[in-house]
Structure formats: structure tokens, C-alpha cells
Amino acid sequence: MNTKEYHIAVEEYSDRLYRFALKLCKNESIARDFVQDAYEKVWIKKNNINFEKVKSYLFRTLYNGFIDYTRKAKIISIEDHHVTPYTTTPNHDINEILHNALNQLSEVQKSAVLLKDYEGYSYKEIGEILEINESQVKVYIYRARKHLQKFIGEIDAVI
Amino acid sequence: MKINKNNYEAYLLDLSEGNLSDELRDELNSFLALHPDLEADIIEDFQPLTPNTDSSIDQNLLQFDSITELNRKHFFIAYHEGDLSSSEQSEVLTFISKNTSYENEFNKFSKIYLSASNEIFEDKTSLHSIANTDNSKGIIYWSVRVAAILIIGFILNNYYQSTSAVLPRYTLVKDELNLKPSLERDSEFNFAEFIPNKVQNNSSISNARGDSYKSESPTEIIKSNRPDSIKTTTNRKNKINYSLEKRKLKVINENPALDKIIASLNPNKNKLEVDKVETSPIKNIETPPSLLAFLGEKAKNKNILTESGRPNFVSLLNKGSKSLSGQDLLAKSETEKSNSTIFKLGSLKIERITQK
């Protein structure tokens with residue numbers, strides 16, 4: 001990957017990477033740092049990275065950085081564990097409800113769902129990013145879907 | 001890969017898709033039997049669970065060949081994920097049409113997909129600058145390194161030059177060291193100094209090394225008669241021999257009786273070849289034996305001196321020579337390094353030097 005392709009990758013994937021990082025860490029400044037670190041690592045190894053694979057490399061780098069960050073910081077959010085199911089008024093944005101439900105998932109499950117819904121990655125691509133096999137990605141997503149459906153509860157009230 | 005809590009779900013999924021071998025299926029059953037806590041998850045995922053107390057899992061729960069009430073959620077999710085073929089999708093729709101109570105649930109699963117938000121990474125210039133900084137950094141980066149290398153090289157060069165400029169205190173002399181006293185000085189060994197009664201006119205007493213000597217002494221004569229070529233071109237060894245020979249001649253000239261004694265000691269040699277020595281170039285002169293050594297050897301042969309070079313008084317007394325009687329000690333001197341004793345032997349005055 002040359003310099004020109006690097007600049008193209010910045011324009012095309014930086015927003016997506018930022019949204020993904022923001023959903024993971026829920027902090028804008030930390031998310032920006034993750035994105036910055038990911039692009040720095042890509043630039044360092046640009047000679048060994050094919051431009052067609054740079055997107056998955058960026059997401060994988062960012063995800064690994066996030067995992068390292070959570071292990072070091074060991075941040076535990078009470079909200080992640082004590083969010084009550086929404087069974088209230090339809091004025092609540094369903095997307096917001098889903099994101100709240102997503103926070104209760106494990107990091108791997110949450111990352112898999114985000115990559116699937118936000119970026120449209122296939123199970124294989126998600127497996128390459130998260131460094132797990134394809135069937136495990138499928139299992140994680142299926143379980144996440146069930147959890148989201150269960151968390152929402154009686155979604156008739158929302159709809 | 002061994003089945004564990006982290007990957008057993010994948011094996012369940014493979015089992016539902018018919019991709020699990022018999023061995024792995026048995027291993028999965030064994031794993032689930034060892035972990036009854038996981039059964040709750042399976043019950044939750046595959047409702048309803050028949051309350052069997054068997055150790056192995058109910059394989060009906062894991063049948064995914066076709067949609068049933070037990071595995072309907074799996075097919076609902078797979079339908080919305082796009083993992084079903086067209087025939088399977090039709091089968092799901094057929095199931096819903098037959099079981100309308102599940103239609104609402106089917107629709108719910110279509111709502112649990114996230115939509116991308118609109119956040120934008122605003123500081124893209126910082127990402128671009130990573131590449132730009134690295135390019136410009138290269139020039140400064142390498143220039144600093146080159147400058148540092150040059151400075152270090154300059155410092156090391158000065159250091160080595162300063163150390164190499166220090167001359168060693170001692171240099172290796174290739175030529176054989178000549179430990180003999182230098183006779184290139186103006187002074188000459190004055191044999192006459194050891195005959196204080198004979199050589200005294202206008203001579204200054206000097207030490208044994210023969211410092212500057214200025215008089216009409218035989219040494220001066222020798223020096224004056226010496227060809228200029230000798231002064232400048234002869235080597236040190238020839239100079240010594242030449243000076244010794246000259247001393248001998250002068251002693252002989254001043255002491256004619258000595259000539260007879262020498263002749264008696266060496267009857268085969270009547271006369272010293274003085275002229276030959278005086279006129280022939282120094283280069284052609286053969287090294288004659290020194291006078292003292294010659295006399296010494298002869299004296300030993302005649303039992304005048306002992307083997308150690310000392311006067312053999314007993315022999316001299318026994319010879320009954322007139323000159324041996326009444327031998328008197330003429331002079332005695334002492335220096336830091338030696339003792340000198342001069343005594344008379346006939347018409348000769350002999351000095352004995354004893355090193356301390």
C-alpha cells in the first residue's frame with residue numbers, strides 16, 4: 001500500500017472506524033485515540049498490507065486495541081449490568097434501546113453484531129477481524145439476536 | 001480442538017447443520033453432561049425442553065433439518081440474517097402461515113438490527129498528517145543522524161591523533177648498541193695519564209673517560225696528525241683501535257726501554273708496524289691486539305702476572321731480578337668505583353686497577 005492508497009483509506013474508513021470505536025467504548029476522545037492508533041499502525045506496516053485488506057486490518061487493529069484497553073482499565077459499567085428492559089412508551093427510540101441492550105453483551109458479541117449491522121461484514125470477514133472461526137461468529141450473532149429480543153421484552157409497546 | 005465453554009456453541013451449531021462427526025458428537029454430549037449449568041442456556045435457546053433426566057442431550061432439540069416449534073427462533077433469526085436458502089425461506093413462511101401465533105414473534109426479530117449512526121470523524125487531517133509527517137521527517141531524521149555520525153567521527157579522529165602524536169619515550173634501535181665509550185668527543189684516552197711521572201707537561205688531569213684535554217700531550221699530537229678522513233668517516237671500532245695504537249706508539253717513543261721489553265716478549269715480532277699504521281687508511285688497518293692485553297698475556301706466560309692479572313710477586317722475587325727488588329708502591333688512588341695502585345717494575349710503572 002502506498003501513500004496515496006493510505007490517504008484514500010483515511011477518507012473512506014475513518015468515519016466507520018470511529019462509529020465502531022464509539023459504540024465499543026462510548027467515549028468520543030477514547031474512540032478518536034483508537035482510530036488514530038489504528039491508522040498509525042497501518043502506516044507503519046503499510047508495505048506489508050494490501051490495499052484491498054486494509055479495511056479489515058483497520059477494524060481488527062482497533063478491536064484489539066479496545067480489548068487491550070478494557071483489560072488494562074478493567075472498566076465496569078454498572079449500566080452494562082443493570083439495564084432494565086424497556087417496556088414503556090413508544091416515544092423511546094428503538095435504536096437507543098437496542099444500543100442499551102447491546103451494552104449488556106460481551107465484547108466479542110457486541111463487536112460481531114456491530115460489524116454485521118454497521119459494516120455488513122460476512123461471518124468470514126468478521127471472524128478474520130475478531131480472530132475467531134466463522135461458526136463461532138455465527139453462534140455469537142445468533143445468541144446476541146436472542147438476547148436483544150429478550151431484552152426488549154414486549155416490543156409491541158415500542159412498535 | 002477440545003470442546004470447552006468458549007466454543008461449545010459452535011459445535012452445537014455445527015451439529016444443527018449436520019457438520020459434526022460421530023466422534024465430536026459423542027464428545028459434545030460428554031461435555032454437556034459434565035456441565036449441567038450450560039443446560040439452562042440450551043433450554044433457553046431451544047424451548048421447550050423436555051424434562052429428561054438422561055445424561056445425554058435430547059437430540060430433537062438440535063434438529064435443524066426443518067423448522068419446528070422448538071427451533072423456530074433459530075430459523076427466524078437465520079431468515080432475517082439471510083442465511084436460509086429460498087426453499088428454507090418458503091418453509092419458514094409456510095410455518096408462520098400455519099402457526100399465526102408466531103407471526104408477531106417473527107416480526108420482532110426483524111426489528112433488532114442496528115442502524116448505523118451518523119457520527120463523523122472530524123479530525124481527518126491528523127490521520128493524513130501521519131503520512132506527511134513521516135515523509136518530511138525523513139529528511140530531518142536522516143540529516144540529524146548523519147550529523148551525529150560526523151560529529152562522533154570527528155571526535156574520535158581528534159582523539160586518535162592526539163594519542164598518536166605522543167612519541168614513545170624509547171625507540172627501538174636497529175643497530176647494535178655500542179656500549180663502548182664514545183670516542184667521538186674531542187677527548188682521547190690518554191695513556192699518559194696513567195704514567196703521572198712521565199706525562200705532566202701542560203696536560204690537564206681528566207677522568208678515565210677522557211674529557212676535554214688540551215695540551216701538547218701525545219694525544220694532541222695524534223689528533224693533529226690524524227687525517228681528516230679519519231675524523232669524519234671512520235666507524236667507532238676503527239677509531240678505538242686507532243687510538244689505542246697511537247697511544248702505544250707514543251708510549252714506546254717516550255719509553256725506549258719498553259720497546260726492548262716488548263721485543264723480548266715477542267721475539268717473532270721485532271718492530272711494530274708503526275708506519276703502516278700511520279700512513280695506511282683506517283679502513284685497511286687490521287685490528288691489532290691492544291698493547292695492554294698483549295703485555296698482559298706475555299706477562300702471564302712469563303709468570304710476571306698471575307692468571308687473574310695481578311702481579312706475581314712470588315715469581316718476581318724468585319727470579320732475583322734486580323729490578324724486582326725493592327719494589328715500591330708509587331701511587332695509590334681511590335675512586336667511587338675502583339682502587340688504583342701504581343708500582344714500579346724495573347723501568348716500568350704498572351698500575352693495577354681493582355673494581356669495587
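This is a predicted model: local features need pLDDT of at least 70, side-chain atom pairs count only at pLDDT 80 or more; totals for chains, interfaces and linings use all residues.

Q: What makes chain A and chain B count as touching, and how many residues are involved?
A: The test is again heavy atoms within 4.5 Å. By that test, 47 residues of chain A are in contact with 39 residues of chain B.

Q: How much area do chain A and chain B bury between them?
A: About 4100 Å², with 59% of it on carbon and sulfur atoms. That figure is accessible area lost on putting the two parts together, summed over both. On the chain A side, Tyr142(A), Lys146(A) and Gln149(A) lose the most area to chain B, together 16% of what that side buries.

Q: Why is the pair Arg145(A) and Glu81(B) called a salt bridge?
A: The cut-off is a side-chain nitrogen of Lys or Arg within 4 Å of a carboxyl oxygen of Asp or Glu. Arg145(A) and Glu81(B) come in at 2.6 Å, N to O, so the pair qualifies. The count between chain A and chain B is three salt bridges, and there are also 14 residue pairs in polar contact, both partners at pLDDT 80 or more.

Q: Which helices of chain A supply at least two residues each to the side that touches chain B?
A: Those are α1 (3–25), α2 (28–44), α5 (94–102), α6 (107–119) and α8 (134–152). The top contributor is α8(A), with 14 residues. By class, this side of chain A has 22 nonpolar, 10 polar and 15 charged residues.

Q: Why is helix α4 of chain B described as largely enclosed?
A: A residue is buried if its relative accessible area is under 20%. Eight of the 10 residues of α4(B), residues 72–81, pass that test, so the helix is largely enclosed by the rest of the structure. The buried ones are Arg72(B), Lys73(B), His74(B), Phe75(B), Phe76(B), Ile77(B), Ala78(B) and Glu81(B).

Q: What share of chain B as a whole counts as buried?
A: With the under 20% cut-off, 33% of the 356 residues of chain B count as buried. Chain B has 14 helices and three strands, and its accessible surface comes to about 23500 Å², of which 52% belongs to carbon and sulfur atoms.

Notes
Residues are numbered from 1 along each chain as its sequence is written. Chains are lettered from A and ligands numbered from 1 in the order in which they are written. Side-chain values use heavy atoms; hydrogens and water are left out. Buried area is the accessible area (1.4 Å probe) that two parts lose on being put together, summed over both. A polar contact is a pair of N or O atoms within 3.5 Å; within protein, one must be able to donate a hydrogen and the other to accept it, and residues adjacent in sequence count only if both atoms are side-chain atoms. Helices (H or I, at least four residues) and strands (E, at least two) are DSSP runs, numbered from the N terminus. Ala, Val, Leu, Ile, Met, Phe, Trp, Tyr, Cys and Pro count as nonpolar, Asp, Glu, Lys and Arg as charged, and the others, Gly among them, as polar. Buried means under 20% relative accessible area, exposed over 50%, partly exposed in between (1.4 Å probe, protein chains only). Accessible areas come from the Shrake-Rupley method with a 1.4 Å probe; for residues, only the protein chains shown count as cover.
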